[in-house]
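This report goes through a structure by its sheets, its helices and its side-chain contacts. The sequence and structure come first.

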Amino acid sequence: MEVGFSLRSEAAGVMRTALVSAENLQLTLKPEPSQEEQALTHTSSPKEAHKAGNEDLKEMLESNKESLKLEAMKRIVGLIAKGKNASDLFPAVVKNVASKNIELKKLVYVYLVRYAEEQQDLALLSISTFQRALKDPNQFIRASALRVLSSVRVPIIVPIMMLAIKEAASDLSPYVRKTAAHAIQKLYSLDADQKEQLIEVIEKLLKDKSTLVAGSVVMAFEEVCPDRIDLIHKNYRKLCNLLVDVEEWGQVVIISMLTRYARTQFTSPWKEGTVFDENDKAFYDSDSEEKKDQTQQPYVMDPDHRLLLRNTKPLLQSRNTAVVMCVAQLYWHLAPKHEVSIVTKSLVRLLRSHREVQYIVLQNVATMSIQRKGMFEPFMKSFYVRSTDATHIKTLKLEILTNLANEANISTILREFQTYVKSQDKAFAAATIQAIGRCATNISEVTDTCLNGLVLLLSNRDETVVAESVVVIKKLLQTQPTQHSEIIKHMAKLFDNITVPMARASILWMMGEYCERVPKIAPDVLRKVAKTFTAEEDIVKLQTVNLAAKLYLTNSKQTKLLTQYILNLGKYDPNYDIRDRTRFIRQLIVPHEKSGALSKYARRILLASKPAPVLESAFKDRDRFQLGTLSHSLNAKAAGYQELSDWPAVAPDASVRNVEVIEPVKEWVPIAGKAKQQKSDDKFYSDDEDEKEEEGSDSSGSEASGSSSSSSSSSEESGSESEEESSEESEKTSTDSGKSCSESESEQKKKKKTKRAALKTSEHTAADSDSDENGNGPMDQSGSSSSLESSSDSETDSEDDSDSDSPPPQKKTPAKTKPKAAVKSKKEVSLLDLDDFSPAPTNTPQSSVFSSSLLSDLEGLSLSNVSSTMQVTTPSFGPVKTYELLHHMTGKGLSAKYHFPRQPCLYQPSMVSVQVILTNSSDHTLEEIHVGDRSPASLNIHCFNTIERLEPQASVTVSMGIDFSDSTQAANFQLCTKEDQFSVSIQPAVGELLMPSSMTEQDFCTEQKKLQGMNETSATVAMATANTSSQAISKQVLSVANVGVVSSGQSNVGRFAGRTVSSGAVVLVSLELQETSSALLTINTEKSVMASMLLRDLKQALAQA
Amino acid sequence: MIHSLFLINHSGDIFLEKHWKSVISRSVCDYFFEAKEKAVDPENVPPVLQTPHHYLITVYRGKLFFLSVIQTEVPPLFVIEFLHRVADTFQDYFGECSEGVIKDNVVTVYELLEEMLDNGFPLATESNVLKEMIRPPTILRSVVNTLTGGSNVGDMLPTGQLSNIPWRRAGVKYTNNEAYFDVIEEIDAILDKSGTTVFAEIQGAIEACVRLSGMPDLTLSFMNPRLLDDVSFHPCVRFKRWESERVLSFIPPDGNFTLMTYHVSSQNLVAIPVYVKQNISFFETGSCGRLEITIGPKQTMGKTVEGLMVTIHMPKAVLSVNLTATQGNYTYDLATKVLVWDIGKLNPQKLPNLRGSLSMPSGVPKPEENPSLNIDLKIQQLAISGVKVSRLDMYGEKYKPFKGVKYVTKAGKFQVRT
């Protein structure tokens, strides 16, 4: 490199001639690579050529020339890059692992990492080379050896990896320690059983003072044990202080982790008594008012909380958009309300970045702008749409502008919208019309203006624009009880020309709804549509029937015959929904001997006044997700999403973060002047610290770089010293914190309940308006999706409702409306979202973690107050244990693994659902994979459908249902392919034979009383120290058995309830903490065999930390 | 975090794949292709997609899709930012980021990807560190390599990665020590039909090219730092110094880099350098339209406007155009319906004018909206916001460097609505 530089700068002239000759040379050299290319292209075509090509490579690899070997490796890497299979070269390649040539070596590593998993036995040959390299004096060689060793996914070498990681974690070089932190995650994903040992390593590395290590080890922490928040306490202040100097990717990870941490450790900085979604008022509050408030309710921010906010603020200036977004979300979730607005500018700056960045940032701004208009209002113009923006960017900007609209700026925004309505992008124009509708309902001053504007749009030439206008006008008219018969008449005139079904249906619905205001026109419209009835879309037909029925009730003289005609047509319609509706309507309105009480109320049923729909932002409920996360972006819980906990009512003990004052060793001073001097922790919050840093940065420079290596080693020493000292202390405090944690938790719950009560009223109204929407004809399914079934369902539903109690929704019990509200709001989102975030198709087999969250959602629907506590106690499901069903060696290439997804079985309720992952690791296609004979023959299995073809390297996940009849006897069956049959067996752990059941504490106790004596099994178990917190306990229990957590008033008792899958017998588990290290475990169930097995499993799980 | 990366070209072929954990079948891309099909325009493909088992995050750069497969929760911007960084690195190494170049250098690309990510977590993304480990290909080196069997993998091990200034490599030596700074400002504006400014703001960046030996410590100060409303820095800039003194103090990376970007607040009045008089109309009958555009200088601070260009996305109905330009020449792409008028230098004495007729098929209704004009321009030796660098000092090294500052103003997203 250096040579190259001096060459270039000194002899530019010589260089030029060299370049010319080089070009000539290249030309002459050209034929060789083209041959290669031929070889490469050949590989894709016939098999023989493929083989021949690889033979050729094999020869090259076995030759003595380095250059030939290198050439061969380059071509092989080319094959890998293209996704071609080069696994048959494994023996030839692996020989070169000890090569002296660095590039060759690196390429061999690339190959090895790619194929080691498939050729485990051969891969073992290379391990000794790495083991030797781990002892190399050069830190880079040590690091790269560890990197490759840990990337080779061969389960047999797990112990070797573990040993290597442990050694590397105490290496003198921070770079090697960083690699060790990366290796932790790799080992964990290979073998989750090593968790406990890995946590020890993480704990050790968290204490590391090097900025290089910090990001990587926190990443490992997040992946392996995100719930072990206790490990962070001692390192919290250090992480906050190092943050600025950590590399940018590490910053992102650390900040997200600290956000979560802070939410569990500090009390809320948000003023008491204000609801979370307060609007801009707090923002406008002057400081003096703020102070007054504080004197009334003294809230003092924890100094550590302040430290975090202060140290993350400079990162808003980072060039890395992910860092900026991460700091923004930290402020949003942690800072006092009046401080959040400092992130605004930085977020607006990100809008200059790439399209994808804009997309994510705008999504987050949209969510923020709903709650805090004031934050973004000054920057409103930055959200103006340009004609060159991508459609999803435009839609998001529109969303934000709509959120920002208020009385003051509405005229500006409406003027801007006028430009958008004319856009060539018709989808965007339609979205603008929706937005205008929302503005009109939200700001009553402009409702009339908007309505008039929309009426003008009715004469637009574009059909989508007109249709959208009709739909929005319909909604607006509903909100406006005043007379608007002119507009209705106008729309009746338009009926002839509009062809978009949704718009036609809207007009018909409006005619029916307001038929008394336009008594002359409505029958005429019915007459027109009767003529074309058979040719209409289903949605229009339904509304035609509705209109006919309503007119029949109000004006039967004129419309009797017409109605009969339409009902006759409907009776023989090909669509069963329409036939259904027709039959229903006929029974309801036509007087009949048999038609009893119902037809008396026909008028009240059909002509009940329908409350107006609420036009809401699609981002309204996005704030249930942490900002900046993937889940927020998708508006669905992503796998591994960690929920932010609510603020604790009382802060846990702050002293756990205290670090003993270490004797002032010269710390490893970072060079780049951003340097920080050694700080003893009593100085953390003192103001003069900044000045000191200033000095430090001035004085640092070249001399600091010289001393870096020596000082790093000294810091290492000090690190180990402090470790010894602190280890005793930490043990003490950890038990302490455990207690305080659980205490605060119960308090937290209380607080939640009160909050809930406060929110209840608002929920009421939300739920009301929402069920009302159902009564509004077809429009609430406006826009997109909504299969016909669902639309008709909701229609009939609502009509049934209104039938049972005529001033309909107000009387509903909250328990009934709440779940509905939840479902509904989700649907709303997908409707308004346009096509950007289509929710995952649900019929395909889903990943287990996802489904478990789905399950908890479902539970939330059934009993909402239980679910809230469930969320607290079961923060996350650990990674699901996977078992081997068929090894690929015995299965002739077919390998199968299975796990229990813990979701209710779709096929039969008495079955346990099992997901099997079939992988074809052979080099030919496997055909007709299916389940063959089973034993015992009575075994009830729901098999998966036969898999016709499984390509090489492909894998497929199938789900089965097995009825184990509540016994752990293995289910034996045969897994067959076209040629072969393999006997396999699935033996369930006893905990998998259960399903969680949700019950209250009282129910639990009464059930428990019924199951005493013979049915009770209990034992005293030894508890690992790490398992004393209630969270850890429930985690351990849930990892063993599929049971539900019962919310408990006592902090020292954990209760879990479940039912056996087959017979539905109740299984109750309760765990009473006695002293720090032991607990009384009691299991109550009729199935005494299961009880003893479960007891054994639980005992084992709780004993190991 | 990032599980796999697929590079996909414009027509939907996967031409490179790399896995950092276990291998994921490329069939996962089918979900992306489905979305791409639906979106029609590649720009409109949603960047984040959900599939039953994975999440796909895509970045579209230089007609290529960088598609990453994610399995668990991760901040989407983290992935997006990283993918752009990968594209930047390719650009840095090979001069451009295109399918051809990547295919030609597939081994280097693979080596780069291997170093940039470990187990899906970014390891080395600083171009200085990477270049120490994997040398960028040059013609000379490729010749030498083929003749001697040498390699483009550095035999030196990267020391930069260890230090606290990973952006700078150790032992830099130049015979000519020089430091150049380009202050580049872009005007983002929306003008309405009548020429009044709907929205305007200035975005600036300081691009640096620093070739200095040893470990120089630079301080750059502004005449009027108060103008800068919002800033973001290269990691080398010491934020504390900026907070307290409003100077940029940093140990620079070696070579080209973006020192800072800034934003001049939209509250300040922004000088708009040109005015546009336009008249585009479509007739109800006769299936044609007329277009006339004149551009003149407005607030140019006495400098000449260069590189003037007008781009118009015509409505789909416009079949062809028949125009005459008094200056420069125009092209009309029939497939994409984009009219480009390349004017060049703006002469205040003789204003450039483009006029003529637009033809449409008969029977098609006239377009609702007139197309908006996107303007491109460049003014040398001027920072439109008035930002000025006052001085550059160097500490830590003895030699005297050659210093230079250049100002340029460009049009950013400059749009005129009609």
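How close do the axes of helix α19 and helix α21 of chain A come, and at what angle do they cross?

## Helix packing in chain A

The axes of α19 (residues 321-334) and α21 (residues 355-371) of chain A come within 11 Å and cross at roughly 10°. That makes α19(A) roughly parallel to α21(A); angles under 35 degrees count as roughly parallel, over 145 as roughly antiparallel, 65 to 115 as roughly perpendicular and the rest as oblique. The crossing of α19(A) past α21(A) is left-handed (the near helix is turned anticlockwise from the far one by less than a right angle; right-handed if clockwise). Axes are lines fitted to C-alpha atoms, for helices over the stretch in contact, and angles run from 0 to 180 degrees between N-to-C directions.

## Basis of the values

The model is predicted: local features need pLDDT of at least 70 and side-chain atom pairs count only at pLDDT 80 or more, while totals for chains, interfaces and linings use all residues. Residues are numbered from 1 along each chain as its sequence is written, chains are lettered from A and ligands numbered from 1 in the order in which they are written, and side-chain values use heavy atoms, with hydrogens and water left out.

Helices (H or I, at least four residues) and strands (E, at least two) are DSSP runs, numbered from the N terminus. Two strands pair if DSSP finds at least two bridges between them.

## A sheet in chain A

In chain A, five strands form an open, antiparallel sheet in the order β1-β2-β3-β7-β5. The edges are β1 (883-886) and β5 (940-942) of chain A; each has a single partner strand, so one side of each is left without a neighbour in the sheet. From one strand to the next, the twist averages 30°.

Eight bridges join β3 (residues 912-920) and β7 (residues 955-963) of chain A in the antiparallel sense. Within β7(A), A:Val958 stands opposite A:Val916.

## Strands in chain B

Chain B has an open sheet of five strands in the order β2-β1-β5-β4-β3, also with antiparallel pairing. Here β2 (14-19) and β3 (48-50) of chain B stand at the edges, each with a single partner strand, so one side of each lacks a neighbour in the sheet. Neighbouring strands are turned by 20° against each other on average, direction ignored. Three bridges pair β3(B) with β4 (residues 55-61) of chain B in the antiparallel sense, and B:Val48 has B:Ile57 as its bridge partner in β4(B).

Elsewhere in chain B, β18 (residues 329-333) and β19 (residues 338-344) pair in the antiparallel sense over five bridges. B:Thr331 has B:Val340 as its bridge partner in β19(B). The hairpin of β18(B) and β19(B) has four residues between the strands, and B:Lys337 takes a positive phi near 60° there.

## Aromatic and charge contacts

Rings of Phe, Tyr and Trp (its six-membered ring) pair if their centres lie within 6.5 Å; planes under 30 degrees apart count as stacked, over 60 as edge-to-face and the rest as tilted. The count comes to 27 aromatic pairs over all chains. A:Tyr883 and A:Phe900 form an edge-to-face pair, 6.2 Å centre to centre with 70° between the planes. The pair links A:Tyr883 in strand β1 of chain A to A:Phe900 in the loop between β2 (894-899) and β3 of chain A, 17 residues apart. A:Tyr883 is partly exposed at 27% relative accessibility, whereas A:Phe900 is buried at 3% (buried is under 20% relative accessible area, exposed over 50%, partly exposed in between, with a 1.4 Å probe and protein chains only).

One aromatic cluster consists of A:Trp249, B:Phe78, B:Phe82 and B:Phe121. The charged end of A:Lys541 sits over the ring of A:Phe533, 5.9 Å from its centre, and that of A:Arg657 over the ring of A:Tyr236, 5.5 Å from its centre (NZ of Lys or CZ of Arg within 6 Å of the ring centre and within 35 degrees of the ring normal).
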